[in-house]
Amino acid sequence: MCSSDLSFKLILQSQPATGYRWEVVSIDPAVLKQGETLALQQDSRLSTPGVSGPVTLVMSFEAVAPGHTQLRLANRAALPQPGVAEQTYSADVTVR
């Protein structure tokens with residue numbers, strides 16, 4: 001069995017005002033579980049008045065048991081915009 005102190009964090013940039021959100025699209029829950037996600041507002045001087053500015057997301061993950069999983073995330077919109085490519089992030093994770 002794995003010790004619960006085996007964890008890591010991903011730090012991703014996001015712009016919620018665009019309607020796009022980072023979400024986990026692939027993970028083996030028998031190996032890895034997602035913990036909390038913190039959204040840290042960046043300097044408000046960087047945003048357009050009346051529009052929320054960039055946000056730094058800190059996503060936590062914790063090992064559940066030994067094994068291998070591919071962690072995949074996508075930055076998706078509820079209503080995708082034509083011609084706007086979806087951002088993705090992926091990592092191979094091995095828990096020993």
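Is Glu 86 buried, exposed or partly exposed? In this predicted model, Glu 86 has a relative accessible area of 41% and is therefore partly exposed.

View 1. The structure holds 2 salt bridges. In one of them, the side chains of Arg 76 and Glu 23 meet at 3.1 Å, N to O, and because Arg 76 lies in strand E5 and Glu 23 in strand E2, the pair ties together parts that are 53 residues apart in sequence. Arg 76 counts as partly exposed at 34% relative accessibility, and Glu 23 likewise counts as partly exposed, at 33%. The side chains of Arg 76 and Glu 86 also meet in a salt bridge, at 3.2 Å, N to O; Glu 86 lies in the loop between E5 and E6, so this pair ties together parts that are 10 residues apart in sequence. Through shared partners, salt bridges join Glu 23, Arg 76 and Glu 86 into one network.

**View 2. The open sheet E2-E5-E6.** Three strands form this open sheet, with antiparallel pairing, and its edge strands, E2 (20–26) and E6, each pair on one side only. The twist averages 20° from one strand to the next. E2 and E5 pair in the antiparallel sense over 6 bridges, and Val 24 stands opposite Leu 73 in E5.

**View 3. The largest nonpolar core.** This core has 14 residues, and those with the most contacts inside it are Leu 10, Met 59, Phe 61, Leu 71 and Leu 73. Strands E1 (7–14), E4 (55–63), E5 (67–77) and E6 (87–95) each supply at least two of its residues, with E4 giving the most, 5 residues. Leaving aside residues up to four places away in sequence, Leu 71 touches residues including Phe 8, Leu 10, Val 24, Phe 61 and Val 93.

Definitions and conventions
Residues are numbered from 1 along each chain as its sequence is written. This is a predicted model: local features need pLDDT of at least 70, side-chain atom pairs count only at pLDDT 80 or more; totals for chains, interfaces and linings use all residues. Side-chain values use heavy atoms; hydrogens and water are left out. A nonpolar core is a set of buried Ala, Val, Leu, Ile, Met, Phe, Trp, Tyr and Cys residues joined through side-chain atoms within 4.5 Å. Buried means under 20% relative accessible area, exposed over 50%, partly exposed in between (1.4 Å probe, protein chains only). Helices (H or I, at least four residues) and strands (E, at least two) are DSSP runs, numbered from the N terminus. Contact means heavy atoms within 4.5 Å. Two strands pair if DSSP finds at least two bridges between them. Axes are lines fitted to C-alpha atoms, for helices over the stretch in contact, and angles run from 0 to 180 degrees between N-to-C directions. A salt bridge is a side-chain nitrogen of Lys or Arg within 4 Å of a carboxyl oxygen of Asp or Glu.
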